[in-house]
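Hi,

Here is the structure I promised to pass on. Have a look at it first, and my notes follow below.

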Amino acid sequence: MTATMTDAPPPAAPKADDAARPAGRSLAKILLIVGGALLLVAVVRVITGANQLTSEGQVNAALGLAVPIGLAGLAGLWSERAGVVNIGLEGMMILGTFGAGWIGWQSSPWLGLLCGIGFGVLGGLVHAVATVTFGVDHIVSGVAINLLALGATQYLAKLFFAEGTAAEAGGNPKQSPPVNSLGDVTVPGLSDALHSVEQHHWFLVSDIAGILGGIVTDVSVVTILAVLLFVGSWWVLWRTSFGLRLRSCGENPVAAESLGVNVYQYKYAAVAISGGLAGLGGAFLALVTSHTYLEGQTGGRGYIGLAAMIFGNWRPGGLAMGAALFGYSDALQLRNGGVTVHALLLLLVVLLAALAGWKLYRKALWQGVISAVMAVLVLAWYLFTDEVPSDFVGATPYVVTLLVLSLSAQRLRMPKADGMRYRKGQGK
């Protein structure tokens, strides 16, 4: 037995190419998924006649609703890549809405934007002190920040907006006076040309024109900033030594410390950046969406942002796709929602049927049968109704959130040390 073990060849070392290959989907796969989804939506639009599915207005509204969700998800990505679970994103967004509305109406919307980011950073630092320095459970700290932010902003709104100059300008205990606009960007010539092509309702061509038209027409400067932040976050976290050290703190902080990484410093930096991004998402709601601070205007977008981050497998590209999906479903209620969501039922039938076929092919019998039964039920709903009730339309973003998370749960891999307590000196 000893001789056999001695003579056995050593295990093969992993190939360099395998070690260097990224864990996420390749660009070709992402483009294939996006192209297939666009083709499927175009087919459904032609069959149902629901032209709002890919209209310029629908895409533009979806883009505006996706930005705060995407910024919240990006905030969660920064924090969790460093190993700190940030359930307090909702509270940090609330702080951002108040800061933007408070300073924005008194001075300028740009200073309001900076103040919203600053208030979010403050919330992030409180979370970092509690979780990193004192070792408080991350979930408990996040929930506490959500409650504290809600209570603090309600008190401050009554203090600053209910009387005096603010009340004369239109403020009250639940909202700030109106704030000036930050401005929009429209590509001249191209926007009109795309709108003209969209109106012909040609198969696929008009769909692409409607989508591109929504992207180049009346786009907020904060939306452009959000896109740059997504690209910049990917580059910093995956292409720089700073990002490598930060991600190592979320994978194995003990090993990172043994290599000379100041784990506390990187965790603090990540959670502060996370708070700033969440505050920016809140400021977007106050300055772009409504031009005023309103109590409760975040509407759970911090939690939906976390869902988008999980759907994206803790990577910026997947997160952007998730935020776009949730923003699109949220925008349906603004654009003839009952009829449009009814058309999407047919799309859901196709997806469930494809899922059933795939599960049966993989010998997952029960999952395949359940998917097939759901496809039949949804098809019956589509055939025997003409419009989806308005109550269901309002719940569409949350239903989409549950469906997406349930379908993507099997391929997820969170950072290994995410949410774990870490004490300085463990690596020595």
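To start with, at what angle do α12 and α14 pack, and how far apart are their axes? The angle is about 100°, and the axes are 9 Å apart. That makes α12 roughly perpendicular to α14, a label that covers angles of 65 to 115 degrees. (Axes are lines fitted to C-alpha atoms, for helices over the stretch in contact, and angles run from 0 to 180 degrees between N-to-C directions.) On the α12 side the contact is made by Phe242, Arg245, Leu246 and Cys249, and on the α14 side by Val263, Tyr266, Lys267 and Ala270; contact here means heavy atoms within 4.5 Å. By class, that contact has six nonpolar, no polar and two charged residues. Nonpolar means Ala, Val, Leu, Ile, Met, Phe, Trp, Tyr, Cys and Pro, charged means Asp, Glu, Lys and Arg, and the others, Gly among them, are polar.

Before you go further: this is a predicted model, so local features need pLDDT of at least 70 and side-chain atom pairs count only at pLDDT 80 or more, while totals for chains, interfaces and linings use all residues. Residues are numbered from 1 along each chain as its sequence is written, and side-chain values use heavy atoms, with hydrogens and water left out. Helices (H or I, at least four residues) and strands (E, at least two) are DSSP runs, numbered from the N terminus.

Now the charged pairs. The structure holds five salt bridges, each a side-chain nitrogen of Lys or Arg within 4 Å of a carboxyl oxygen of Asp or Glu.

One of them joins Glu251 and Arg81, with the closest N and O atoms 3.9 Å apart. Glu251 sits in helix α12 (residues 241-251) and Arg81 in helix α4 (residues 56-81), so this pair links parts of the chain 170 residues apart. Glu251 is partly exposed at 24% relative accessibility, whereas Arg81 is buried at 7%. (Buried is under 20% relative accessible area, exposed over 50%, partly exposed in between, with a 1.4 Å probe and protein chains only.) Arg81 and Glu251 also belong to a salt-bridge network with Arg413.

Another pairs Glu295 with Lys174, at 3.5 Å between the closest N and O atoms. Glu295 is in the loop between α14 (263-289) and α15 (301-311) and Lys174 in the loop between α8 (164-168) and β1 (184-185), so parts 121 residues apart in sequence are tied together.

Cheers

Terms used. Parallel < 35°, antiparallel > 145°, perpendicular 65-115°, else oblique.
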